[in-house]
Amino acid sequence: IPNLCLQQARLMSVSVDAAAKFLDANHWLPSQVGEAREAGWFKPGSYQLRPFFLHQLAAAKENGWDELQRSYGSPQAFLVSRFVAREATLVSRMVKISFEDAERALWEFYGTVVQDMSIHEVDAVDEGFLALACEAAFEGFVDSDDLSKLAHRAGSFGLLESNGSGKMRKFPHSEIQNQFLAKITIDGLSSSAAVTSYLRRATVSAGLAEAFADRFNALPSHDAISVRGQLNAYLTKDMVGERLAANSGSLLLATLGRIDLAKLELRDVPINEARLFGKLESANLIGVSFALLDARGANCKAVNFDNCTTNVLLVNEETVFGTSIPTIFGSLQIDSEGQVAINRDPVQRNIWIKEHSDIGRITNADYELPLMIYFDRLCRKFGRQHQIRANAEDDAYYMIENEYWKEIRKILGPRIQEVVRDTSGPRDFFYRMVKPEAFFVRGSTDDETGKIVDAVVVRARELARN
């Protein structure tokens, strides 16, 4: 283009279909692309649809979706880690600093920025503060000349965008901001006065709790025990007018995704926002009150809610409870593909609770039996990817290699279908489950589905006794 003077350019997000085609072209399995779409990754306008993030996802295809979650806690944490690594490479080329030190300093820099934003409840900071945060993070890693150079460039670091008002900078998405805040919170729980100050003054949001769970689930066991222990200690250090206990309680609930920790017990803690998701481990909540309890996608069967209350309970079709549920003082909000229906009618709320809980039915102990755990995971896997190929090339093949597959297949009978596809080579066998979503909830199912669940419970108890 003749006489073009370009000072700044920005690559915008691609469409959802274009993202799926790109990953497919980069040898992602259809099941992996399907799981990403089911998880809501490719929503229009999402930051995951930006070119850099899509390239990073494409490069991670060898390990697969499950490996991303095991190594980083979530694909969101993976993407942020990759971006910081890229920025560290650029910094190490610009000034005299090792990649490792640059990466460490950048994590501290971003963490300081998001911590200040959260304490002051703002979504942008000015370039002057960014320069100070940069100097604090890189001091000791570089000489004074390089430190001045980095501080001058701080407003141009990656992941910081102009908010359209001069020299103010913001993060492109709250999920990215929460990933940094979660990391600095975990790293500084036992040593950082700034983190303690943040927990005393700010409010832990449901989004931060979810990002905290991502980071927490990826910790080594001894570190996870230490983090939970520190949060438990904070419960007794609250002073009048502070939020330390409430915030610590919210973060403690975000630790329920691990099986290697002792049973959690919370008593008489008022919590502003809490986020529960995935299959939760055993916990005893006594007299806990919530302003908002977000339980979308959560399996709360192992959690005992004793005299607990919530003003708002946010759920979706996958949300299930055990033999107890918090008393709802305000509204039950049901999320269906992004559309939230607000229900304040006690009669309708009770119908939903009956359909999505085991009150008076199966006990929490039943859902901890190995066969029941496998059955729940198998149904959700079929619900996400429709079918499982009887071949090791399918990343869900391990589910039908499991020792419990024969037990469940026998009980399900015609609800498991075997499909044969003729190809030019060897024939491919696929397994499909008829209406797997019917097993996600208890009480709203048809008689056939109810009888199948009862049969699985009976067999699970028999195997546990043997």
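A salt bridge is a side-chain nitrogen of Lys or Arg within 4 Å of a carboxyl oxygen of Asp or Glu. By this criterion, Glu 210, Arg 275, Asp 294, Arg 296 and Asp 335 are linked in a network. The structure holds 18 salt bridges. The model is predicted: local features need pLDDT of at least 70, side-chain atom pairs count only at pLDDT 80 or more, and totals for chains, interfaces and linings use all residues. Residues are numbered from 1 along each chain as its sequence is written, and side-chain values use heavy atoms, without hydrogens and water.

Arg 380 and Glu 318 meet through their side chains in a salt bridge (3.4 Å, N to O). This pair links distant parts of the chain, 62 residues apart. Arg 380 lies in helix H16, and Glu 318 in the loop between strand E11 (309-316) and strand E12 (320-321). Helices (H or I, at least four residues) and strands (E, at least two) are DSSP runs, numbered from the N terminus. Arg 380 is buried at 13% relative accessibility. Glu 318 is partly exposed at 34%. Buried means under 20% relative accessible area, exposed over 50%, and partly exposed in between (1.4 Å probe, protein chains only).

A second pair joins Asp 260 to Arg 258 (2.8 Å, N to O). Asp 260 is partly exposed at 33%, whereas Arg 258 is buried at 10%. Glu 393 bridges to Arg 389, with the closest N and O atoms 3.2 Å apart. Glu 393 is exposed at 56%.
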